[in-house]
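This briefing describes selected local features of one protein structure, grouped by topic for computational work.

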Amino acid sequence: MSFSYVSHLECPKCGSIYAHHKPNQLCQCGSPLLVNYDLEELKNENEIINKERNGLWRYHKLLPVIDPDHVVSLGEGMTPLLSMPALGEKLGIANLLMKDEGMIPTGSFKARGAAVGVSKARELGITRLAMPTNGNAGAAWSLYCARAGIKPYIVMPVDAPVITRKEVAISGAELFLVNGLISDAGKIVASLVKEEGFYDASTLKEPYRIEGKKTMGYEILEQCGSEPPDVILYPTGGGVGLIGIYKALKEFRELGLFKGSRLPRLVAVQAEGCAPIVKAWEEHKSESEFWENSETAAFGINVPKAIGDFLVLEALYETNGCAVAVSEDEISFTQRQTAELEGSFICPEGAAVFAAAKRLRENGWIKADEKVICLNTGQGIKYPDSVSVDPPVLEPGEIIRK
Ligand SMILES: *Cc1c(COP(=O)(O)O)cnc(C)c1O
Ligand SMILES: [Zn+2]
């Protein structure tokens with residue numbers, strides 16, 4: 001019995017083919033590479049999903065790691081799909097659901113990409129890797145690398161959430177801060193890769209983290225059974241999760257596991273302070289332009305230019321989706337509203353998604369009876385500074401008068 005039906009890597013731009021059993025990064029044409037599987041062969045299997053496993057490795061046949069001994073797992077995957085009745089009522093969307101990625105090791109969905117990316121790096125015999133990060137990816141990769149015995153070199157902006165610095169540091173990874181943006185961190189990593197020959201684990205420069213992130217799409221379809229959602233909203237930085245979900249939907253459709261008539265409409269949500277994908281979508285472009293002086297408290301989506309932007313835009317066009325930018329005020333208002341109405345302390349990126357759902361309901365793009373899934377990509381408690389509190393301080397024995 002085969003554990004993985006991985007067949008090869010393919011360039012979505014020029015069609016070049018690469019092997020999956022050797023380290024590969026970008027295509028020679030500069031495009032990210034996507035992983036292909038032998039789906040025709042897999043169709044004949046009577047058990048495509050291993051339902052005995054509760055995490056994302058239940059999809060091992062659709063993941064690129066060949067030898068199960070190379071799997072590095074902290075128990076990631078199969079996060080809850082919660083109904084949000086009170087918030088849904090406020091928004092006028094009766095069937096509003098949240099896929100809660102806060103409930104995952106390291107507190108953000110970056111654990112999915114790290115689990116599969118680090119496992120494949122281990123399989124390829126990689127011992128040192130480097131990556132730029134806005135925080136959560138660096139934290140997840142550092143911790144998974146520690147478990148795999150791989151040495152990571154992490155470069156992040158000084159402004160990235162402080163907790164993610166600590167996650168990197170405690171794992172024993174090499175941490176560097178840069179006075180700048182993730183794009184500046186990326187340039188530093190590129191020269192380190194060039195000088196030292198490290199494996200470049202930057203977003204989409206290694207082909208496997210997207211395979212981890214796509215499992216959100218499989219899980220959504222499994223959890224929805226015969227009623228797949230009409231709309232899925234995703235907070236988009238590098239866009240890997242959105243590209244991954246689109247890939248997952250298509251793979252399940254090809255395998256006969258997608259039960260709907262049309263794929264869900266995918267929505268890329270960004271912050272007004274960094275909205276290159278939204279601008280490109282509004283102008284019907286196939287690629288985005290670098291967003292100057294980007295700024296948002298939703299740090300995970302502060303990506304001024306994504307290398308896979310053309311794949312994100314293709315997923316939006318092909319599913320009749322759209323792209324929306326929300327303000328910082330909408331993000332913080334919605335973060336509080338979600339905690340007050342539903343008991344969920346979501347991250348600012350997740351809050352951006354609910355704020356976008358509200359807008360799209362108001363302008364009629366989302367219909368009242370549609371099934372809408374919002375991705376909350378991380379724990380609110382990873383961003384303690386996103387909430388300010390100033391409670392009264394009592395002396396011992398003091399009485400509270402109402
Ligand atoms: C990285 C990140 C995102 C954006 O993910 P992409 O797949 O790179 O677009 C969204 N939310 C959080 C919390 C993140 O850490
Ligand atoms: Zn190519």
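Five of the six residues of strand E5 (residues 95-100) are buried, so the strand is largely enclosed by the rest of the structure. Buried means under 20% relative accessible area, exposed over 50%, and partly exposed in between (1.4 Å probe, protein chains only). This is a predicted model in which local features need pLDDT of at least 70 and side-chain atom pairs count only at pLDDT 80 or more, whereas totals for chains, interfaces and linings use all residues. Residues are numbered from 1 along each chain as its sequence is written, and side-chain values use heavy atoms, with hydrogens and water left out.

**Pairing of E5**

- Strand E4 (residues 81-83) runs antiparallel to E5 and is joined to it by three bridges; strands are DSSP runs of at least two residues, helices (H or I) of at least four, numbered from the N terminus.
- Leucine 81 has lysine 99 in E5 as its bridge partner.
- With strand E13 (residues 371-376), E5 pairs in the parallel sense over six bridges; two strands pair if DSSP finds at least two bridges between them.
- Methionine 98 has cysteine 374 in E13 as its bridge partner.

**Helix H4**

- In helix H4 (residues 136-148), 10 of the 13 residues are buried, so the helix is largely enclosed by the rest of the structure.
- Among the buried residues of H4 are Trp141, Tyr144 and Cys145.
- Glycine 149 follows H4 and has a positive phi, near 75 degrees.

**Histidine 8**

- Histidine 8 lies in strand E1 (residues 6-10).
- The side chain of histidine 8 makes a polar contact of 2.9 Å with that of serine 7.

Notes
Chains lettered and ligands numbered in written order. Polar contact = N/O pair within 3.5 Å; in protein donor to acceptor, adjacent residues only side chain to side chain.
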